[in-house]
Amino acid sequence: TKLNNDSTLCSVYGSLGLYSANIETDYYRAIRWLYKGIQLAQQNNFQQQYALLLGNLANIYYLKKDTAGTKYALECYELGHSMRNPYVIYSGAVNSAYMYFLMKQNEEAMKYIHEAETLMLENDFYDQAHTYNLFGNILYDMGEYAQALEYYKKALETQKKLLEPNYHNAATLYVNIGELYKHQGDYAKAMEY
């Protein structure tokens with residue numbers, strides 16, 4: 001604020017929002033920070049920051065299990081296409097897939113997660129394990145257990161390649177694979193995971 005650098009301030013608000021969500025698990029505070037960043041980005045016509053903050057906001061709504069985030073995810077996605085920005089499209093696609101998965105509209109979720117995976121691979125985006133995990137969750141929910149297991153294992157392989165592994169994501173992956181084996185009646189494999 002002292003430097004009157006609104007671009008950096010947008011990033012700070014975004015970071016504070018993510019910190020509130022991921023570290024403090026205070027989703028309402030996270031939403032407040034993200035809204036501040038969104039308003040500032042709108043005022044200054046910072047399109048990319050605005051779109052990415054919308055994507056982060058949609059993700060917070062997903063964590064709250066609130067489908068109100070769908071409009072933010074879709075707006076991020078559409079802005080990404082209008083800007084021809086692969087990362088913004090990816091962010092919007094992943095968050096749209098999360099929202100449709102939350103609403104049990106898995107066919108719609110699949111359209112977005114397929115596009116996200118394609119962009120992720122073409123551009124070598126970070127956090128591939130997270131995307132593969134979501135892909136696996138959607139397939140599992142659709143009853144496509146063999147394919148779901150394939151994506152969960154892709155997520156684990158990708159997770160292991162990271163220099164600084166995300167232990168929360170890895171733990172979630174092990175639980176997801178265990179749940180899948182349990183659902184299929186393979187309790188020994190389930191216990192292993």
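**Accessibility, loops and helix packing**

Reader: At 29% relative accessibility, is Asn 44 counted as buried, exposed or partly exposed?
Author: The classes rest on relative accessible area: buried is under 20%, exposed is over 50%, and partly exposed is in between (1.4 Å probe, protein chains only). Because its relative accessibility is 29%, Asn 44 counts as partly exposed.

Reader: What kind of model is this, and how are residues numbered?
Author: The model is predicted: local features need pLDDT of at least 70 and side-chain atom pairs count only at pLDDT 80 or more, while totals for chains, interfaces and linings use all residues. Side-chain values use heavy atoms, with hydrogens and water left out, and along each chain, as its sequence is written, residues are numbered from 1.

Reader: Is Ala 41 buried or exposed, and which residues does it touch?
Author: Ala 41 has its place in helix H2, which spans residues 27-44. Because its relative accessibility is 1%, Ala 41 counts as buried. Contact means heavy atoms within 4.5 Å. Not counting residues up to four places away in sequence, Ala 41 touches Cys 10, Phe 46, Gln 49, Tyr 50 and Leu 53.

Reader: With which residues is Gln 49 in contact?
Author: Gln 49 is found in helix H3. Its relative accessibility is 19%, so Gln 49 counts as buried. With neighbours within four places in sequence left aside, the contacts of Gln 49 are Ser 7, Cys 10, Ser 11 and Ala 41.

Reader: How do H3 and H5 pack, and is their crossing left-handed or right-handed?
Author: Axes are lines fitted to C-alpha atoms, for helices over the stretch in contact, and angles run from 0 to 180 degrees between N-to-C directions. H3 (residues 47-63) and H5 (residues 86-102) have axes 9 Å apart, at an angle of about 20°. H3 is therefore roughly parallel to H5, on a scale where angles under 35 degrees are roughly parallel, over 145 roughly antiparallel, 65 to 115 roughly perpendicular and the rest oblique. A crossing is left-handed if the near helix is turned anticlockwise from the far one by less than a right angle, and right-handed if clockwise; that of H3 and H5 is left-handed.

Reader: How many residues of each class form the contact of H3 with H5?
Author: Among the residues that meet are Ala 51, Leu 52 and Gly 55 in H3 and Tyr 87, Val 88 and Ser 91 in H5. The contact of H3 with H5 divides into 11 nonpolar, five polar and no charged residues. In this scheme Ala, Val, Leu, Ile, Met, Phe, Trp, Tyr, Cys and Pro are nonpolar, Asp, Glu, Lys and Arg are charged, and the others, Gly among them, are polar.

Reader: Are H4 and H5 roughly parallel or roughly antiparallel?
Author: The axes of H4 (residues 70-83) and H5 come within 7 Å and cross at roughly 155°. H4 and H5 are therefore roughly antiparallel.

Reader: How are H5 and H7 arranged, and how many of their contact residues are charged?
Author: The axes of H5 and H7 (residues 128-141) are 11 Å apart, at an angle of about 30°. H5 is therefore roughly parallel to H7. By class, their contact has seven nonpolar and three polar residues, and the number charged is one.

Reader: What is the phi of Lys 104?
Author: Most residues other than glycine have a negative phi. Lys 104 lies in the loop between H5 and H6 (106-123). Although Lys 104 is not a glycine, its phi is positive, at about 65°.

Terms used:
Helix = DSSP H or I, 4+ residues; strand = E, 2+ residues; numbered from the N terminus.
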